[in-house]
Amino acid sequence: MPAGQVKRYTRQLLLGLSHRQDSGYVHCDIKPDNVLLVLSEDGDFVAKIADFWLAKRRSREFDHVKGTPCYLAPETVVHGVQDCASDIWALGCVVYEMLTGYSIWPLGFNETTDDLYHKIASEEPYLAFRFPGETEAFLRACFVRTPADRPTAKTL
């Protein structure tokens with residue numbers, strides 16, 4: 001997608017995430033399939049977050065990891081923790097994919113989901129493309145490995 005379009009959609013998604021987080025919920029499955037582009041009255045598209053099937057209250061414990069593997073944050077893979085910061089990590093994965101058309105975690109032909117989990121748990125996401133400073137800074141902020149140090153949707 002063109003960078004201007006990605007920026008506009010990302011801002012809209014951040015507004016949606018911020019609203020969800022302020023309401024006390026974590027989406028747990030931010031991914032391209034759960035982003036709808038809805039035609040607005042002015043003839044432009046607006047990005048909307050959809051599919052809240054896996055969403056949970058922030059304070060609620062759960063007994064299994066929820067979500068699509070390649071969008072899971074390290075704290076989810078390693079410790080089974082999903083909170084607002086996990087949604088920000090997933091948003092970073094989505095933004096990278098919108099900009100490049102590729103997953104931040106490409107899997108080789110013989111690699112499995114367990115291989116993917118190992119990558120997420122132990123490796124830094126590799127930005128295989130060059131981005132303008134603001135875009136790269138945004139992505140790096142989303143991919144901070146310590147959830148407490150990851151910015152909130154409002155901050156982004």
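**View 1. Tyr102 and Phe129 form a stacked pair.** Tyr102 counts as exposed because its relative accessibility is 51%, where exposed means over 50% relative accessible area, buried under 20% and partly exposed in between (1.4 Å probe, protein chains only). Phe129, at 35%, counts as partly exposed. This is a predicted model, in which local features need pLDDT of at least 70 and side-chain atom pairs count only at pLDDT 80 or more, while totals for chains, interfaces and linings use all residues. Residues are numbered from 1 along each chain as its sequence is written, and side-chain values use heavy atoms, leaving out hydrogens and water.

**View 2. Trp89 meets Phe143 edge-to-face.** Four aromatic pairs are found in the structure. Rings of Phe, Tyr and Trp (its six-membered ring) pair if their centres lie within 6.5 Å; planes under 30 degrees apart count as stacked, over 60 as edge-to-face and the rest as tilted. The centres of Trp89 and Phe143 are 5.0 Å apart and the planes stand at 65°, so this pair is edge-to-face. Trp89 sits in helix H3 (residues 84-100) and Phe143 in the segment after helix H5 (133-142), 54 residues apart. Helices (H or I, at least four residues) are DSSP runs, numbered from the N terminus, as are strands (E, at least two). Both Trp89 and Phe143 are buried.

**View 3. Arg20 lies over the face of Phe52.** Here the distance to the ring centre is 5.2 Å. A charge sits over a ring if NZ of Lys or CZ of Arg is within 6 Å of the ring centre and within 35 degrees of the ring normal.
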